[in-house]
Amino acid sequence: MNGLEVFLLEIGFSFTLAKAFPHIFFFFLGGGLAFIFVKHNTLVGTMKWVFGIVLLVSLEALYFSLSPWYYGDLFEVGYREKTTLVLPKDRRLLVVADPDCHSCIASTENVRQWSSFIKVPIEYVLLSKDSSDVDFFRRLLPANVSCALSQDSHKMLQLVKGYFPSYVLIDNGNVQGVWNNNVFGARALDLVNAKK
C-alpha cells in the first residue's frame, strides 16, 4: 500500500476502492490531458493522435508501475476448507506462518500497514515448537496483532496446503476463507471486514 491508498482508507474507502480509485483517477486525468492536447495542438495527422494516446495511458501506466494491480485485488479467490482444528469462536484473521519463511517475515510489514483498518482481531499462528519464534515475530508486529504457536501444526499445515504465509478467516469456529500470500489482496481484506 502506498500513501495515497492509506489516505483513502483513512477517509473511509474500502480496500478495493482505495486500490481502484487512483488508477481510475489517473486514467481519466490522462484522458483529459489527451483531449486538450488533441484539440489545441498544431500537429496534424497521425502524430497528433500518437501523442494523444501516449498522454491517455502514460499517467495510469506510471501509477501502475508504482502500485500494480494483483490478481487478489481484482478477484476473490479464497477457498473454504473443512478442518477438525478447534478454532476460536470469535471472528478473526489468522496469519499462518513458518518462522523460517522469508515471505512470512516480510508479511509482517504488510500487516503493519493495514492492521489498523481491519475490524477483526489478527493473530499470527506459527508452525513451530520454539517459543523464541513468537518473541521474534512479536517484535516485528504492531501491538494490536497477537502471535502464538500452533496447537496442531499438522492439521494447520493441511488447512493451508503448505503455502506460507496463508491467511485464514474464521468465524464461529468455522473457516470462512483461506488465501495464500499470492492471492491475498484488496478483495480478501474487504471480505475480512464485511459484517456478518
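Hi everyone. A quick definition before we start: each helix axis here is a line fitted to C-alpha atoms over the stretch in contact, and angles run from 0 to 180 degrees between N-to-C directions. Please keep in mind that this is a predicted model.

Let's begin with the helix pair. Helix H2, residues 15-40, packs with helix H3, residues 46-66, at an angle of about 160°, and their axes lie 8 Å apart. Because angles over 145 degrees count as roughly antiparallel, that makes H2 roughly antiparallel to H3. The crossing of H2 past H3 is right-handed.

Who meets whom? On the H2 side, the contact includes Pro22, His23, Phe26, Phe27, Gly30 and Gly31. Across from them, H3 contributes residues including Lys48, Trp49, Phe51, Gly52, Glu60 and Tyr63. Sorted by class, the contact of H2 with H3 has 15 nonpolar, 4 polar and 2 charged residues.

Now, over to the sheet. We have an open sheet of 5 strands with mixed pairing, in the order E3-E2-E1-E4-E5. Its edge strands are E3, at 145-149, and E5, at 174-180, and each of them pairs on one side only. From one strand to the next, the twist averages 25°.

Let me zoom in on one end. Strand E4, residues 166-171, runs antiparallel to E5, and 6 bridges join the two. If you'd like a spot to look at, Asp171 stands opposite Asn174 in E5.

And what packs on this sheet? That would be helix H6, residues 131-140, which touches strand E2, at 122-126, and also E3. The direction of H6 makes about 165° with that of E3.

Definitions and conventions: Residues numbered from 1 in each chain as written. Predicted model: local features only at pLDDT ≥ 70, side-chain atom pairs only at ≥ 80, totals over all residues. Heavy atoms only, no water. Helix = DSSP H or I, 4+ residues; strand = E, 2+ residues; numbered from the N terminus. Parallel < 35°, antiparallel > 145°, perpendicular 65-115°, else oblique. Left-handed = near helix turned anticlockwise from the far one by under 90°. Contact = heavy atoms within 4.5 Å. Nonpolar A, V, L, I, M, F, W, Y, C, P; charged D, E, K, R; others polar. Pairing = 2+ DSSP bridges.
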